[in-house]
Amino acid sequence: MLINSILPESKVNGPGNRAVVWVQGCSMNCEGCFNNSAHSYTGGTELTAEQIFMQLDCSVITGITVSGGEPFEQSFELEKLLKLAKANKLNTLVYTGYSFEKLCIEHNSTLKLCDYLIDGPYMKNIPSKCKWAGSGNQRFLKLVDGQIVNNLTENEEYSRSAEIMIDAAGKITVTGFIEV
């Protein structure tokens, strides 16, 4: 699998304490994407699923997030990585620019290994409702055996919130989006 980078532990890339794997390569090139360095198919490091897991401490994480780049453009390797995560009793979250419905047709066996999916292309002009989705058109889906069991996108627990206050003197105070 062509990998852009690995973060062995994170609390802000999905529910719980998790590792994050960013794949290298994406043909979508969404305008405003924050991870342009992962678009090219040159660069990155070729690693097997086993080599990726050698960099992780599964005793301190509860899940793994795979982002990109576009993970489903390396679907064979993605499936191996997700199988290894399941074997290590980790929950799985995959970010994709494809819709769940398209993936059902082309990558159903891989979807069966996903506990969570954030789907849809990044659209910079649509604010996100979910703290883990990049834009408001993307959905945060809970999957079981490759099927949607819950759309968590607008679940209050996972929502973004902020306050903008303007006092009589014109002082502006912005609060919110705080990750603990």
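Analyst: The largest nonpolar core has 29 residues, and those touching the most other members are Ile3, Ile52, Ile64, Leu81, Val94 and Leu117. A nonpolar core here is a set of buried Ala, Val, Leu, Ile, Met, Phe, Trp, Tyr and Cys residues joined through side-chain atoms within 4.5 Å. Buried means under 20% relative accessible area, exposed over 50%, and partly exposed in between (1.4 Å probe, protein chains only). Two or more residues each come from strand 1 (2-10), strand 2 (18-23), helix 1 (49-53), strand 4 (63-67), helix 2 (75-87), helix 3 (100-106) and strand 7 (139-144). Helices (H or I, at least four residues) and strands (E, at least two) are DSSP runs, numbered from the N terminus. Helix 2 gives the largest share of this core, four residues.

The model is predicted: local features need pLDDT of at least 70, side-chain atom pairs count only at pLDDT 80 or more, and totals for chains, interfaces and linings use all residues. Residues are numbered from 1 along each chain as its sequence is written, and side-chain values use heavy atoms, with hydrogens and water left out.

Not counting residues up to four places away in sequence, Ile52 touches Met1, Ile3, Ile6, Val21, Leu47 and Leu81, where contact means heavy atoms within 4.5 Å. Another core, of 10 residues, lies apart from the largest one; among its members are Leu93, Ile118, Cys130 and Ala133. In soluble globular proteins, nonpolar side chains tend to be buried together.
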